[in-house]
Amino acid sequence: MDIFTELFGFVFQYIDAVAFLILAAAGLSIIFGMMGVINMAHGELMMIGAYVTAFSMYAGIPAPIAIILAGAGAGVAGMILERLIIRHFYKQLLSSLVVTWGISMVVSQLFLITFGPTMESLPTPFSDIKILIGGDIGFSIVGAEGFVGIQDSSGRLPKGVESFGIYRVVMFVISILLIIGLWGLLRFTEFGTRARATMDNPTMANALGISTPRIYAFTFGLGSALAGISGGLFALSASITPFFGAAFTDKAFITVVVGGGTSVISGLVASAMALGAVQTIFTNVFSVYIGFVGMIGAAFLILLLMPTGISGYLAIRKSRSK
Amino acid sequence: MKEQRGMALRLFGLLNGPQTMGRGYFFWIGFLIIITVAYVAPTHLGIKPYKVNEFLVSGFLAASLSLLWGYCGILSLGQAAFFGIGGYTFGILGINMWDDNGNTHIALLSGVALPTLFAAFIGSIMFFARLKGVYIAILMLVLSLLFETFMLQTADPEVYSIGKALLGGSNGLRPASDIPNLSFGWGEAVAEFNGRRIGFYYFVLTLLIVVYLSLRILLNSSFGYLLVAVREDPDRTETFGYDVRLIQLGVFCIAAALAGLAGSLDTARINRVDPELVFGVSANIMVVIWVSVGGRKDLTAAILGAISLEWLFLWLTTTGSPEYATIVMGAILVFVMLIAPEGIFIFVGQWLGKLFSSKVGRQSEDQDTNV
């Protein structure tokens with residue numbers, strides 16, 4: 001394997017890791033940044049998104065629409081939870097952790113009883129398109145037929161050629177689009193202005209005629225919808241079970257905690273980029289498990305240096321330099 | 001002589017102090033009745049020790065989280081991590097040292113000491129960095145899941161063995177038949193407590209009562225007042241000249257020791273440690289459920305919560321199915337947090353306290369509200 005192929009593989013893994021962290025944590029970080037609540041039922045909202053995607057696609061709806069439906073479904077579920085239960089716990093952060101954890105337990109068990117332990121898995125989109133790199137080929141993107149043409153008689157690729165699936169790249173692009181969309185939503189829309197005002201100073205925002213309870217409900221719904229969209233995206237490449245969310249939640253929590261709640265989007269992106277780098281390097285040098293351990297070690301280290309997370313640290317730096 | 005009597009009186013006074021609910025004659029008479037019933041229950045009331053032993057062990061774990069979260073305001077969503085470390089330590093040392101010693105003194109002591117040391121290490125990082133409470137809660141949970149992931153991939157006997165003990169991956173510590181029962185003594189004179197028999201029941205019940213009373217004394221001493229001060233207003237406590245971080249670290253270590261004790265006892269009880277059962281999400285969430293539903297801000301309520309909810313959970317799993325039992329547990333948690341946020345037993349206790357204190361006067365009731 002030449003150095004170029006190796007480098008490409010490395011970059012590919014890195015953007016995959018970053019996309020994973022951004023998608024897994026986006027909804028959680030919106031809710032944490034705006035309301036200070038860490039939603040322990042985040043994984044279950046992703047799971048709801050995955051199930052909505054699965055049922056829509058069984059019914060013949062194309063994947064992009066199914067994923068949008070997943071966002072809508074999870075968003076509605078999130079808003080119902082917020083109105084019924086979570087709004088009573090805004091002033092007690094630790095209690096909100098506990099109560100959302102209880103909700104997650106109930107929701108995942110309800111899905112287990114209703115739909116059984118597994119669902120028929122969904123086809124991964126673009127799975128027949130591959131990026132081939134290295135050897136005599138250099139760099140090319142091929143479809144299924146081209147791929148078969150390159151394989152030798154026993155189905156192996158020529159020496160030095162590595163293949164990469166393209167869905168990972170698609171997920172990375174979508175995660176960037178989501179981040180840009182989110183930024184635009186908070187920056188340029190009426191809702192964004194009201195939400196940022198509520199985040200800055202709820203009492204003052206309320207006094208100026210902004211209905212803060214409604215903003216909280218919408219923000220929670222927005223975070224849940226993001227979780228649902230991510231769940232739908234992951235549902236296309238992973239097996240769908242009632243405990244689907246558990247694979248994402250611990251990494252999502254770490255990403256959000258490291259990002260901090262001061263500035264949602266920059267914190268999330270910075271944190272995903274830093275942790276993704278640590279994870280990629282440690283996974284390559286040692287193993288997947290050590291990659292995870294390294295990520296948590298890095299999270300500890302970052303929090304030691306910046307107890308309010310990366311975004312909190314940046315905000316302090318900014319205010320000092322003024 | 002006089003000094004000794006003064007000391008004893010002071011200790012008794014601490015048992016009865018305002019940081020723990022339940023004071024006065026009615027409480028202590030009730031306490032004695034419950035203990036008496038508990039002691040005669042296996043022989044006269046047909047309670048099966050192999051079932052209830054588990055509940056008693058849970059009592060230590062509940063006390064541990066109540067101390068940490070209820071009294072000092074530090075929520076750990078991964079308290080079972082220390083339970084698991086204690087359990088593994090007891091199991092590994094027990095397997096290796098049983099043949100030489102014939103007792104489990106060292107295994108049990110290490111099962112308490114190792115989690116405490118680990119807590120001192122992690123706690124000094126977390127508290128001295130002044131991490132926010134939410135972060136501590138999450139990091140502890142992630143840490144516990146990290147242990148679970150590690151233990152799940154230790155199936156290879158060549159790599160993951162400590163002396164005669166094999167970590168055994170998802171099957172748990174092996175050889176399970178060599179994990180000893182709890183046994184104390186010297187040389188030939190050894191008392192062994194089989195975890196499914198009545199002897200273990202009496203031993204753990206007595207230990208639980210001793211630990212409970214000692215914790216009551218601790219909580220009503222000046223250290224207990226400091227814990228509550230840190231919970232209510234860390235900044236003000238700091239202004240009075242106390243190092244909040246040291247107090248937090250101290251209670252974190254004590255809580256870890258209690259959880260480690262529970263873990264060791266549990267390993268000895270079933271001669272088994274299973275990574276998913278000690279480090280997994282459900283192990284951690286159950287501790288939080290017992291303590292929040294029972295009442296985190298009072299030791300008695302938390303322990304009662306653990307015992308009664310474990311009982312309910314066992315009854316639900318044997319009559320229905322584990323899935324429904326889990327739903328009921330989660331629903332109880334959410335419901336109680338909405339209706340009686342302080343917890344069921346604190347709610348009941350305060351109501352009983354009002355009922356009885358109305359005859360005595362309003363003095364003790366005023367103290368009640370401070371609890």
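An axis here is a line fitted to C-alpha atoms, for a helix over the stretch in contact, and the angle between two axes runs from 0 to 180 degrees between N-to-C directions. Keep that in mind while we walk through this predicted model.

Start with chain B on its own. Chain B holds 16 helices and four strands. Its radius of gyration is 21 Å, close to the 21 Å that the globule rule gives for 371 residues, so chain B is as compact as a globular protein of that length. The C-alpha trace of chain B spans about 70 × 55 × 55 Å along its principal axes.

Now look at two helices inside chain B. Two packed helices are described by the angle between their axes and the distance between the axes. Take helix α8(B), residues 222–232, and helix α10(B), residues 244–270. They pack at an angle of about 115°, and their axes are 10 Å apart. That makes α8(B) roughly perpendicular to α10(B). The crossing is left-handed. Which residues of α8(B) and α10(B) meet? From α8(B) come L226(B), L227(B) and V230(B). From α10(B) come V244(B), I247(B), Q248(B) and V251(B). By class, this contact has six nonpolar residues, one polar residue and no charged residues.

Two backbone details in chain B deserve a stop. One concerns a proline. The peptide bond from R174(B) to P175(B) is cis, with omega near -10°. Find P175(B) in the loop between β2 (165–166) and β3 (182–186) of chain B. The other detail concerns an arginine. R130(B) is not a glycine, yet it has a positive phi of about 55°. R130(B) sits in the loop between α5 (105–128) and α6 of chain B.

The contact between the chains takes 31 residues from chain B and 31 residues from chain A. On the chain B side, α6 (133–152), α12 (281–294) and α14 (322–339) each supply at least two residues. The largest share of that side, 10 residues, comes from α6(B). What classes of residue make up the side of chain B that touches chain A? It has 23 nonpolar, six polar and two charged residues.

Next, zoom in on one helix pair that spans the two chains. Helix α4(A) covers residues 93–115. The axes of α4(A) and α12(B) come within 11 Å and cross at roughly 120°. Angles of 65 to 115 degrees count as roughly perpendicular. The angle between α4(A) and α12(B) is roughly 120°, and these helices are therefore oblique to each other. Their crossing is left-handed. V98(A), W101(A) and M105(A) are the residues of α4(A) in this contact. They meet I285(B), V288(B) and S292(B) of α12(B). The residues of this contact divide into five nonpolar, one polar and no charged.

Finish with the sheet in chain A. Three strands form an open sheet in the order β2-β1-β3, and the pairing is antiparallel. Which strands lie at the edges? They are β2(A), residues 138–142, and β3(A), residues 162–165, and each pairs on one side only. The twist averages 20° from one strand to the next. Strand β1(A), residues 130–134, pairs with β2(A) over five bridges in the antiparallel sense. To see a bridge up close, find I131(A): its bridge partner in β2(A) is I141(A).

Note on methods:
Residues are numbered from 1 along each chain as its sequence is written. Chains are lettered from A and ligands numbered from 1 in the order in which they are written. This is a predicted model: local features need pLDDT of at least 70, side-chain atom pairs count only at pLDDT 80 or more; totals for chains, interfaces and linings use all residues. Two strands pair if DSSP finds at least two bridges between them. Two residues are in contact if their C-beta atoms, placed from the backbone, lie within 7 Å. Ala, Val, Leu, Ile, Met, Phe, Trp, Tyr, Cys and Pro count as nonpolar, Asp, Glu, Lys and Arg as charged, and the others, Gly among them, as polar. Angles under 35 degrees count as roughly parallel, over 145 as roughly antiparallel, 65 to 115 as roughly perpendicular and the rest as oblique. A crossing is left-handed if the near helix is turned anticlockwise from the far one by less than a right angle, and right-handed if clockwise. The radius of gyration is taken over C-alpha atoms; the globule rule is 2.2 Å times the number of residues to the power 0.38.
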